[in-house]
Amino acid sequence: MSGRQRVFSGVQPTGNPHLGNYLGAIRNWVEIQSQFDNFFCVVDLHAITVSHKPETLAKDTYAIAAIYLACGIDLSHSTIFVQSHVPAHSELTWLLNCITPLNWLEDMIQFKEKALKQGENVGVGLLDYPVLMASDILLYQADKVPVGEDQKQHLELTRDIVNRFNHQFAKPNQPILKLPEPLIGKEGARVMSLTDGTKKMSKSDPSELSRINLLDSPDEIAKKIKRCKTDPIRGLEFDNPERPESNNLLTLYMLLSGKTKEEVANECQDMGWGQFKPLLTQTVIEALTPIQEKYQAVMNDKGYLESVLRDGKQKAEAIANQTLAQVKAAMGYSMPL
Ligand code: TYM
């Protein structure tokens with residue numbers, strides 16, 4: 001694995017992972033993993049930046065790790081681990097907090113959106129979320145970070161933090177932290193809600209009908225697609241800004257069927273919604289069934305999952321602690337005796 005560029009990414013164990021998480025992130029990880037040395041993290045410290053249930057956090061964390069395996073993350077190329085198992089994430093966050101200007105964080109779109117939803121009770125953790133995310137990436141000196149489009153601004157902030165840190169604490173031309181690059185797919189980087197094609201599909205949307213979860217049953221999938229928003233026009237098309245639902249559902253069909261954009265455009269140009277919806281339903285069910293079967297098998301073998309996460313922690317920690325030691329030395333800390 002040595003000599004390969006490093007990839008880092010993660011998913012939060014909050015709510016059910018959905019088609020946006022899969023098509024915007026996890027599926028791309030699977031596709032590129034053989035070219036890189038990969039670290040895929042279950043970011044459970046991020047999960048408590050909004051109110052959470054202690055009684056389900058551990059189970060949800062395991063479930064995301066099992067989803068990674070079920071979607072095809074291959075342990076011969078990739079390391080899977082849990083963020084809170086590697087204390088260096090929290091420690092680097094503190095160090096980077098002290099060099100990050102407050103107004104950089106106040107400018108983050110996701111913070112503003114989530115803070116608006118929470119009203120008076122905005123926790124400091126929500127504001128600090130992007131610094132923790134930067135720490136995740138920087139501890140592994142990651143070259144590439146495959147994410148959905150909504151994370152682009154957080155990646156830009158991460159790069160700003162790198163430049164600021166290196167400028168303040170590293171010798172010229174000997175950077176301590178590496179500048180990571182986002183990897184954002186052309187298609188699927190922004191999967192939209194089923195109930196409103198202008199809004200992102202999101203775990204926090206109060207309506208279950210707005211998203212297809214990776215673990216939804218065939219009946220649930222059929223029901224959600226049956227009820228999803230459409231328009232009164234016959235014939236489906238991509239890229240018409242007046243028809244966001246048509247573009248979104250065709251994109252889902254394209255990505256999950258493995259057909260090209262041209263094939264899908266030709267196939268569906270004269271179709272009515274009544275003909276397209278069953279076709280999409282069938283395609284989604286066929287794509288998700290093998291993932292669900294593998295997920296069940298992994299979840300039924302807790303010992304295996306624990307061994308994956310224990311190995312992951314060890315591999316992650318070895319690298320993370322090295323970076324943390326370099327950062328602390330550069331900032332002038334004495335090393336522990
Ligand atoms: P999370 O759990 O909210 O999302 C996980 C991944 O799914 C992508 N995503 C989408 N992609 C396309 N369409 C959508 N509707 C959609 N919704 C979500 C997200 O872009 C993300 O790639 N902050 C991260 C977690 C994180 C992280 C990191 C990622 C923490 N530390 C370090 C990369 C590197 C997040 O959004 O999680």
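Trainee: Which residues line the largest cavity?
Mentor: The lining of the largest cavity consists of Met108, Gln110, Phe111, Lys114, Leu126, Tyr129, Pro130 and His154. A cavity here is a set of points, on a 1 Å grid over the protein atoms alone, where a 1.4 Å probe fits but cannot get out, and lining residues have an atom within 4 Å of a point. Please note that this is a predicted model, in which local features need pLDDT of at least 70, side-chain atom pairs count only at pLDDT 80 or more, and totals for chains, interfaces and linings use all residues. Residues are numbered from 1 along each chain as its sequence is written, and side-chain values use heavy atoms, with hydrogens and water left out.

Trainee: Which elements give two or more residues to that lining?
Mentor: Helix 5 (109-118) and helix 6 do. Helices are DSSP runs of H or I with at least four residues, strands are runs of E with at least two, and both are numbered from the N terminus.

Trainee: What volume does the largest cavity have?
Mentor: Its volume is about 50 Å³, taken as the space filled by probe spheres set on grid points that are joined across faces, edges and corners.

Trainee: How many cavities of 30 Å³ or more are found in the whole structure?
Mentor: The search finds 2. The second largest cavity holds about 30 Å³ of space, and among the residues lining it are Ser193, Cys228, Lys229 and Glu245.

Trainee: Turning to the ligand, which residues come nearest?
Mentor: There are 28 residues around the ligand, and Tyr129, Asp136, Asp150, Gln151 and Val191 come nearest. A residue counts as near if one of its heavy atoms lies within 4 Å of the molecule.

Trainee: How much of the ligand does the protein cover?
Mentor: It covers 97% of the 700 Å² of accessible area that the ligand has on its own, by the Shrake-Rupley method with a 1.4 Å probe.

Trainee: Which elements give two or more residues to the shell around the ligand?
Mentor: Those are strand 1 (6-11), helix 1 (19-32) and helix 6 (124-139).

Note on methods: 1 Å grid on protein atoms, 1.4 Å probe; cavity = no way out; pocket = protein on both sides within 12 Å on 5 of 7 lines; lining within 4 Å.
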